[in-house]
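Me: Please examine the following structure with me, one question at a time.

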Amino acid sequence: MAMGGASAHGTWSSRFGFLMAAIGSSVGLGNFWRFPYTAGENGGAAFVLIYLVCVVLIAFPILMAELSVGRHARRSAVGSTRKMAFDAGASEMWSITGWVGMAGGVMILCFYSVVAGWVAAYVFKMLSGGMVGMEPSVVSDAFGQLVGDTRTVILWHTAFMIVTVGIVCFGVIKGIERTVSILMPLFFLMLVGMVIYAGLTADMGAAIEYLFAPDFSKITAQTFLEALGQAFFSIGVGSAIMITYGSYLSRDDNLPQSAVIIAGADTMVAIIAGLAIFPFVFAFGLSPDAGPGLFFQTLPSAFAQMPGGQWVGGAFFFLALIAALTSSISLLQVIVAFGEEHTDFGRVGSALFFGAIIYMFGIAAAFSGEFFDILDKVSGTILLPLGGFLIALFTGWVVSKALMQKELPDAGAKFFAYWRFSIRWLAPVAVGLIIVTGLASTFGFDLPFLN
């Protein structure tokens, strides 16, 4: 059966709009939540250095592959991988790549919206001044009380999903592009402002030393795997977002250059977030390796003790909320694009239908910590890494070199050679390690090379 016919997709109205959308999808809570505590737990600067290498050699090549598949077919993630396989003379069963990525993204949004609701709640907790002067133990307990207050959590989850669905309903240009073109510049300005404030009022020297003075004695096999996993998840590959966003690109866009900007901006935000967070951690004698609690317990304790902390804390959590929103609309857009292409719902109907399903699963996650953890582990341990693994195999081994060169006309010979070597050899092995170690951790297997 032929796969011809024009795509129903339009294109981004500007390159700036596309870049803001793509960067916004990459810059999520992981930059504020996961990166700082992962760096803290794995030796600070040594981790950051390995992380940068992993971005260049693993995450960036997969990002380029996903964008190229989307632009080639200009369909949903499932439709794009199917058409690329058809044009490559391969089995259309390779559309499983799009299915896996889309399933992983949907599953993430089911619990991500709950976490975003926590963030929204903390914006108001901070701005209200209710935490000012509280002892660290009281501030720490406040987070447990919030998570245990199911009614409040669902209220914020509901508000966040309404905003997310509403933006996607307006379409790629009038909804997503217009929103991110306002929010992302505001995000960058506020982030830089937070760093300047931290430099003037907190211990920036200790933070710089912690992030940029490598201590290689702290490097273990686990450090490499944590850095690899952080690079993979931070850039946002494996979830079919970049295939979907790439499908709205014009043929005139310099894809390698855009990929460099997206990966570079995401990495920059992760590091700058560290410069905004760690000065307060060190200034107030807090632990930089506090784990996930760094975000909702350790930092609020610092904000509660500093002059004007309610405003600084409010601004910090508002920044995180912007990052959460720009990521959530991209996750929803993946399945909405599929709905537009494969159902009669249309854009608004697809956004409302799939948004409602995701919303209901989010309520289940809010009520059940066990269900929340299942969503997190299945998406993060299995589906997203598997999506990245499949896209690497697909573009590196299934799609011909000639077809990929045609999709990357702006890549010079050396750049293309680097990309092809990475996507064929480095990326599958590295992402395979993420899958193996993730499964081992989930099911309690002991891996000798981590000991």
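Reply: A residue is called buried under 20% relative accessible area, exposed over 50% and partly exposed in between, with a 1.4 Å probe and protein chains only. The model is predicted: local features need pLDDT of at least 70, side-chain atom pairs count only at pLDDT 80 or more, and totals for chains, interfaces and linings use all residues. Residues are numbered from 1 along each chain as its sequence is written, and side-chain values use heavy atoms, with hydrogens and water left out.

Me: Is Thr223 buried or exposed?
Reply: Thr223 is found in helix H10; helices (H or I, at least four residues) and strands (E, at least two) are DSSP runs, numbered from the N terminus. The relative accessible area of Thr223 is 2%, so the residue is buried.

Me: Which residues does Thr223 touch, not counting residues up to four places away in sequence?
Reply: Contact means heavy atoms within 4.5 Å. With residues up to four places away in sequence left out, Thr223 touches Asn42, Phe47, Ile50 and Lys218.

Me: How does Thr220 count by its relative accessibility: buried, exposed or partly exposed?
Reply: Thr220 is found in the loop between H9 and helix H10 (221-235). Because its relative accessibility is 42%, Thr220 counts as partly exposed.

Me: Where do the buried residues of H9 lie on the helix?
Reply: In helix H9 (residues 204-212), the buried residues are Met204, Ala207, Tyr210 and Leu211. Seen down the axis of H9, they fall within an arc of 125°, so they line one face of the helix. The arc is that of the directions from the helix axis to the C-beta atoms. A repeat of the location asked for: one face of the helix.

Me: Which helices do the buried residues of H9 pack against?
Reply: The protein chain has 18 helices and zero strands. The partners of the buried residues of H9 are helix H2 (29-41), helix H3 (45-73), helix H8 (172-201) and helix H12 (255-283).

Me: What radius of gyration does the protein chain have, and what would a compact globule have?
Reply: The radius is taken over C-alpha atoms, and the globule rule is 2.2 Å times the number of residues to the power 0.38. For 451 residues a compact globule would have a radius near 22 Å, which agrees with that of the protein chain, 21 Å.

Me: What share of the residues in the protein chain is buried?
Reply: The C-alpha atoms fill a box of roughly 70 × 50 × 45 Å, taken along the principal axes. Of the 451 residues in the protein chain, the buried share is 57%.
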